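Today I am looking up the cavity and the salt bridges.

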Amino acid sequence: MSARGETAEESAKASVPIQAHVIDQPKRKKIINIVYLIATLDITWTFLQCSVTPYLAKKLGFDTLWLGYLQTMVGLIQLFGGPMFGRFADIFGARAALSLSCSAKIVYFLLLAIASSPAMLFLHKVPTVFMHVLPASQMVVADLSEPDKRADALSKIGLCFGIGMIAGSTLGGQLNTRYGETFTACVGAAGSAFSLLLVLKFIPTTTKAQATITNKDSENKSKSIFNVGEITRLLKFPGVMRTFVVKIIAGLPSGIFQVMLSIIAMEFFKLKPEQTGYLIAYFGITSMVIQGGVIGRMTARYSERSLLLLSIGISSLVGLAQAYMQNVFQFCLTVIPMMFALSTFNVITDSMLTKNVPSSDTGTMLGLCASVQSLLLTVGPTVGGFLYVNYGISSIGLIQFVVNIAVFVYLLQHHFTKTAEQKE
C-alpha cells in the first residue's frame, strides 16, 4: 500500500471513533452475554419443537420417507436463506436481523400449533428461511470481540447450543407428554416472543465499527439483499475460498454421520427412545465441556492453523474408529474426540473466515458458513441412507477417514510451502 493510501486510511480512522470507542468495553461484554442468552433460548425452542413435529407428523399419516422430504425442505430453504439473511444483517444491523429471526420463529410455532394436515405441516416450515438466530448471534460476537479472542468468544455459542439442546429436549418431552403438541408449540411461540423482547431491549441497532458504517452505509443501502455477486465476492478475498472449500469437504463426512445418528441408534445399536435421549444428552454435555472450557484455552496457546490441522487429523481417526465399532459403548468412547474435532473445526473455520473479510461483511460470511450446515441437512439423509443401506455403517466411517486424511495432507503441504516461501 502506498504512503498516500496509508495516510488516507489513518485520517479516516482518526476522523471517526473506532469500534472500541463506539461501544465501550463493559457495554460490549454485556451485549455479548445477552446474545449468549438469546442463542441459548433459541436452541431451547428449536429442540422443544423436535419433540412435537415427529409425533404430530405420525398422527397426520407421515412415514419415514415423507419425514425425510420435510427435513430436506428445511435444508433447501435455509441453504438459500442463510447467505441472504447474513447480507440482511450486514445492511440493516444486528437488532433488525435478530428481530426478524425471532419474529419468524413465533410464526413458525403458531403455524405448528394449528397444523391439522400434511400441507399445514409443510407450510409451517416456510418461516425457517428467516430463522437464523445463531449466525446473527455469531455476527454480533465477531463484531464486538477482539480478533485474538474471537475463536474463544465464538466457542461459547457452542456452549449455549449444548445447554439449549438438553433444556429443550427435556422440556419439550415433558410438555408434550403432559399437555400435547399444540400446547408445547404455543410455549415455543411464547418463548420466542420473550427472545424478541430481549433483542428489542438490549441489542443495539448495529454492532459494526463506526468507520465501517460511515464509509459503507450509503453504499450498502443501495445494494440488494439478493445480490448474489455481493455475496460470492467474499470468496475472492485471500484465503477465503480455500478455507471455505475445506469447511465443506472435511465437514461433509462427519455431517453425514450426524444426520444418520438417529437411524444408527435405532437400527444398528437397537436403542429405545429414552436411551436415544440419554445419548443425545451425552452429546450435549460433552459439547458444553469442550466448547465452554477447552477450546478457549487451546486458542490462547496455539495458532488457528495448528488447531485446524489437529481437528481434521482427529476427525480422520474418529472415522476409522467408527468404521469398526460394534456396540454403543465403543461409540460412546469416540464421542469425546469426535465432539472435540467437530467443535474445534467449526469454531476455527468460522473465526478464520470472518477475519479474512471486512467487518462490514461478517454477517454475510457467517450466513455462507450456515449454508454449509444446511447443505449437510439437504444431501446428508440421501447420501447417508444410500451408504448405510448398501454398504453398512462402516462405509460412512471409512469415507470420513479417507476424506479427512486427504484434506490433512493438503493443508500440511500448503503450510510447509508457505513457510518455505516466507523464509525465501
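This is a predicted model: local features need pLDDT of at least 70, side-chain atom pairs count only at pLDDT 80 or more; totals for chains, interfaces and linings use all residues.

Which residues lie nearest the centre of the largest cavity? I find Ser-254, Ser-315, Ala-341, Leu-342 and Phe-345 there, out of 13 lining residues (lining means an atom within 4 Å of a point; a cavity is a set of points on a 1 Å grid over the protein atoms alone where a 1.4 Å probe fits but cannot get out). Helices α13, α16, α17 and α19 each give two or more residues to this lining (helices are DSSP runs of H or I, at least four residues). I sorted the lining into 6 nonpolar, 7 polar and no charged residues (Asp, Glu, Lys and Arg count as charged). The volume comes to about 100 Å³.

Numbering runs from 1 along each chain, and side-chain values use heavy atoms, without hydrogens and water.

Next, I looked up salt bridges (a Lys or Arg side-chain nitrogen within 4 Å of an Asp or Glu carboxyl oxygen) and got 7 in the whole structure. One of them joins Glu-181 and Lys-59 at 3.0 Å, N to O. Glu-181 is in α10 and Lys-59 in α4, so this pair ties together parts 122 residues apart in sequence. Glu-181 is buried at 12%, whereas Lys-59 is exposed at 60% (buried is under 20% relative accessible area, exposed over 50%, with a 1.4 Å probe and protein chains only).

I also noted Asp-350 with Lys-247, again 3.0 Å between the closest N and O atoms. That pair links α17 to α13, 103 residues apart. Asp-350 is buried at 7%, and Lys-247 is buried at 3%.

Terms used: On a 1 Å grid over the protein atoms alone, a cavity is a set of points where a 1.4 Å probe fits but cannot get out, and a pocket is an open set with protein on both sides within 12 Å along at least five of seven lines; lining residues have an atom within 4 Å of a point. Grid points are joined across faces, edges and corners, and a volume is the space filled by probe spheres set on the points.
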